[in-house]
Amino acid sequence: MTFSATYLEELQQIIAGIDRDAIERAVELLAQKRAAGGRLFVLGVGGSAGNASHAVNDFRKLASFEAYAPTDNVSELTARTNDEGWPTVFEGWLRTSRLKSDDALLVLSVGGGDAERNVSPNLVSAVDYAQSVGAPIVAIVGRDGGYAGRKADVTILVPVVNPSHVTPHSEEFQGIAWHLMVSHPRLKAAATKWESVR
């Protein structure tokens, strides 16, 4: 079997094994927050930061959900990193945004953060801060979910079918999950362009 065939087979296994109920719970939580006038803050590091930016676009444009990603503002991100340190960069951003219980946090991460091993400590601090103000958390994560996966109100765990492909599979399925969410009847508010062109 070729590498391409094997890789695509792995994706089929993930689709078969992903928790559909968790996705539905996440959609319901986000729909309730949007209906209450809350905002959505999407956090990610590395490839997941790119996904966060794309997700913000989709939640805003397709789901009419006021959404933001702190990594979209490189000036503030790097100023906070330089002046205050990487571990608190997202927490500081959320404090300035006055995160509250009406809002929600969406964490996109491969490992979910691990303070002890100094992996994505900024996600750990952000999750702690969100919990301290009562903002619910949805996490789309891989491996064992890490800190975000353990602490989230709803965790969508991407099943590990090949330990050598945890990162690409996790980041791919972040996209599948949020695209499903903004296409879901409970959240979808606008037609996508190509589906509306006749």
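# Sheet, cores and aromatic pairs

Five strands form an open sheet in the order E2-E1-E3-E4-E5, with parallel pairing. Strand E2 (67–68) and E5 are the edge strands; each has a single partner, so one side of each lacks a neighbour in the sheet. The model is predicted. Its largest nonpolar core holds 36 residues.

**Sheet and the helices across it**

- E4 and E5 pair in the parallel sense over four bridges.
- Ile140 stands opposite Ile156 in E5.
- Helix H5 (residues 89–96) lies across E1, E2 and E3. H5 runs at about 165° to E1.
- H8 lies across E3, E4 and E5 and runs at about 135° to E4.

**Nonpolar cores**

- In the largest core, Leu30, Leu40, Phe59 and Met181 touch the most other members.
- Eight elements each supply at least two residues of this core: helices H1 (3–17), H2 (20–35), H3 (47–63) and H8 (166–183), and strands E1 (40–43), E3 (104–109), E4 (137–141) and E5 (154–157).
- H2 gives the largest share of this core, seven residues.
- Leu30 touches Leu40, Phe59, Phe65, Ala104, Val138, Met181 and Leu187, leaving aside residues up to four places away in sequence.
- A second, separate core has 23 residues, including Phe90, Ile137, Ala139 and Ala152.
- In soluble globular proteins, nonpolar side chains tend to be buried together.

**Helix H8**

- H8 has 18 residues. From its first C-alpha to its last it reaches 26 Å, close to the 26 Å expected at 1.5 Å a residue.
- Buried residues in H8 are Val166, His169, Ser170, Phe173, Gln174, Gly175, Ala177, Trp178, Met181 and Val182.
- The cover over these buried residues includes H1, H2, H3, E3, E4 and E5.

**Aromatic pairs**

- With ring centres within 6.5 Å as the cut-off, the count comes to five aromatic pairs.
- Phe3 and Tyr7 have ring centres 5.9 Å apart and planes at 40°, so this pair is tilted.
- Both residues lie in helix H1, four residues apart, about one turn of the helix.
- Phe3 counts as exposed, at 57% relative accessibility. Tyr7 counts as buried, at 17%.
- Trp86 and Phe90 also make a tilted pair, because their ring centres are 6.3 Å apart and their planes stand at 55°.
- Trp86 is partly exposed, with a relative accessible area of 32%. Phe90 is buried, at 0%.
- Phe41, Tyr68 and Trp93 form one aromatic cluster.

Note on methods: Residues are numbered from 1 along each chain as its sequence is written. This is a predicted model: local features need pLDDT of at least 70, side-chain atom pairs count only at pLDDT 80 or more; totals for chains, interfaces and linings use all residues. Side-chain values use heavy atoms; hydrogens and water are left out. A nonpolar core is a set of buried Ala, Val, Leu, Ile, Met, Phe, Trp, Tyr and Cys residues joined through side-chain atoms within 4.5 Å. Buried means under 20% relative accessible area, exposed over 50%, partly exposed in between (1.4 Å probe, protein chains only). Contact means heavy atoms within 4.5 Å. The expected span of a helix is 1.5 Å times one less than its number of residues. Two strands pair if DSSP finds at least two bridges between them. Axes are lines fitted to C-alpha atoms, for helices over the stretch in contact, and angles run from 0 to 180 degrees between N-to-C directions. Rings of Phe, Tyr and Trp (its six-membered ring) pair if their centres lie within 6.5 Å; planes under 30 degrees apart count as stacked, over 60 as edge-to-face and the rest as tilted.
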